[in-house]
Amino acid sequence: MAMEKGIPLPELPDFGEPPARSPLTEALASVRINPRWPLGIGALAVMLGAGVCSALWLTTDPEPHRAWPVGLVGVFFGVGLFFHYFLTRPATR
């Protein structure tokens, strides 16, 4: 409506240069994360969970022997990370 009436539009302010980034921000921006990290952490979690399962299952003491499924938490966490990688992996050419 202002243009129709011949009223000039206000100019946008010039903000100048962007503020300087802190050294911590610069350091974090330069870090590259390997896109295959879920595979490594998943393999570690599966092996750790399987080790806990087998150690608790093989013990002769009846109390820890009944708690062997606790290690399945690590196993399924690792399997979940495998699924995460396969569902979100970069496209191959």
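Predicted model: local features only at pLDDT ≥ 70, side-chain atom pairs only at ≥ 80, totals over all residues.

Me: OK, what makes Ala20 count as exposed?

Reply: Its relative accessibility is 79%, and the cut-off is over 50%, so Ala20 counts as exposed. You'll find Ala20 in the loop between α1 (2-5) and α2.

Me: How do you know what span to expect for α3?

Reply: You take 1.5 Å times one less than the number of residues. Helix α3 covers residues 37-58, which is 22 residues, and the expected span is 32 Å. From first C-alpha to last, α3 reaches 32 Å, close to that expectation. For α5, with 17 residues, the reach is 24 Å, again close to the 24 Å expected.

Me: Which residues of α3 are buried, and why do we say they line one face?

Reply: The buried ones are Pro38, Gly42, Ala45, Val46, Gly49 and Cys53. Looking down the axis of α3, they fall within an arc of 105°, so they line one face of the helix. On the other side, Leu44, Met47, Leu48 and Leu58 are exposed.

Me: What puts the buried residues of α5 on the same side?

Reply: In α5, the buried residues are Val75, Gly78, Leu81 and Tyr85. They cover an arc of only 125° around the axis, which puts them on the same side of α5. The face turned away from them carries exposed residues, including Phe76 and Phe83.

Me: What do those buried residues of α3 pack against?

Reply: They pack against α5 (72-88), and the buried residues of α5 pack against α3 in turn. Contact here takes heavy atoms within 4.5 Å.

Me: What makes the Arg66 and Glu63 pair a salt bridge?

Reply: Side chains of opposite charge can pair when their charged atoms come close. The cut-off is 4 Å from nitrogen to carboxyl oxygen; for Arg66 and Glu63 the N to O distance is 2.6 Å, so the pair is within the limit. Both residues are exposed, and a search of the whole structure finds 1 salt bridge.

Me: Last one: which residues form the nonpolar patch on the surface?

Reply: Val31, Ile33, Trp37, Ile41 and Phe77 form it, with about 540 Å² of accessible area together. Val31 is in the loop between α2 (23-30) and α3.

Terms used
Residues numbered from 1 in each chain as written. Heavy atoms only, no water. Helix = DSSP H or I, 4+ residues; strand = E, 2+ residues; numbered from the N terminus. Buried < 20%, exposed > 50% of the residue type's maximum accessible area, 1.4 Å probe, protein only. Arc of directions from axis to C-beta. Patch = residues over 30% accessible without salt bridge, like charges linked within 9 Å, V, L, I, M, F, W, Y side chains within 5 Å. Areas by Shrake-Rupley, 256 points an atom, 1.4 Å probe, with all protein chains shown as cover. Salt bridge = Lys/Arg side-chain N within 4 Å of Asp/Glu carboxyl O.
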